[in-house]
Amino acid sequence: VWQLASSSRVVAAMVDVKVLEASKAMRLVVAWENGKLLYVLTPPSGGDFVYDVSTLQITDDLCFVAGASPKGACIFVCKASVRESWSANFLTDSGQVTALSVAPHRPYMAVALTDGSVTVWTFRTPTNSKRWLLPLSRLESTEVAFDFAWLHPEPSSIPLLAVTFADGLS
């Protein structure tokens, strides 16, 4: 659940819908605002990659979900209001995503990988390329991070990121 700048609330979920006479359920990404349906999208699809349903994030009309392909770990991004196709943004050729968190109403995303790295990315709508994510900062650790919390000391300040490891916080 994400709180928007206004007092409205947006809820997004991946749901499996059973269609009559179909042998397999259809997976959809659905978002609501104040009980009103905003959009319905199909999730990323293709035979050469997978995605993690539990990593679905939504902020400012963008949907994010972590995945992997033979090329390595990636984040799929989709601009929901125009029902744009999902764009794969590759992070590394080794490791898998263990945690993903988007800062509400700020263009920042934190991604933890099984190699112990935590990278903060900034995102923007691409102009001449398909690249949505640009690296901002990186933390190397001997432990794998598994959760994040964004802290906003002041509304106009850059948010702080708390990273949870098995033995403590950073």
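How many helices and how many strands are there in the protein? The model, which is predicted, contains zero helices and 16 strands. With a radius of gyration of 16 Å, close to the 15 Å given by the globule rule for 170 residues, the protein is as compact as a globular protein of that length.

**Dimensions and contacts**
- The C-alpha trace of the protein spans about 50 × 40 × 40 Å along its principal axes.
- Among contacts in the protein with a separation of 6 or more, 36% are accounted for by residues 24 or more positions apart.

**Nonpolar cores**
- The largest nonpolar core consists of 17 residues. Phe64, Ile75, Val97, Met109, Val111 and Leu133 are those with the most contacts inside this core.
- At least two residues of this core come from each of strand E7 (62-69), strand E8 (72-79), strand E10 (97-102), strand E11 (108-113) and strand E12 (117-123).
- Another core, of 16 residues, lies apart from the largest one. Its members include Leu56, Ile58, Cys74 and Ala80.

**Burial and surface**
- Buried residues make up 41% of the 170 residues of the protein.
- The protein exposes about 9400 Å², of which carbon and sulfur atoms supply 56%.

**Charges**
- The protein carries 13 positive and 15 negative charges.

Conventions. Residues numbered from 1 in each chain as written. Predicted model: local features only at pLDDT ≥ 70, side-chain atom pairs only at ≥ 80, totals over all residues. Heavy atoms only, no water. Core = buried A, V, L, I, M, F, W, Y, C linked by side-chain atoms within 4.5 Å. Buried < 20%, exposed > 50% of the residue type's maximum accessible area, 1.4 Å probe, protein only. Helix = DSSP H or I, 4+ residues; strand = E, 2+ residues; numbered from the N terminus. Rg over C-alpha atoms; globule rule 2.2 N^0.38 Å. Contact = heavy atoms within 4.5 Å. Areas by Shrake-Rupley, 256 points an atom, 1.4 Å probe, with all protein chains shown as cover. Lys, Arg positive; Asp, Glu negative; His and termini not counted. Charge placed at Lys NZ, Arg CZ, Asp CG, Glu CD.
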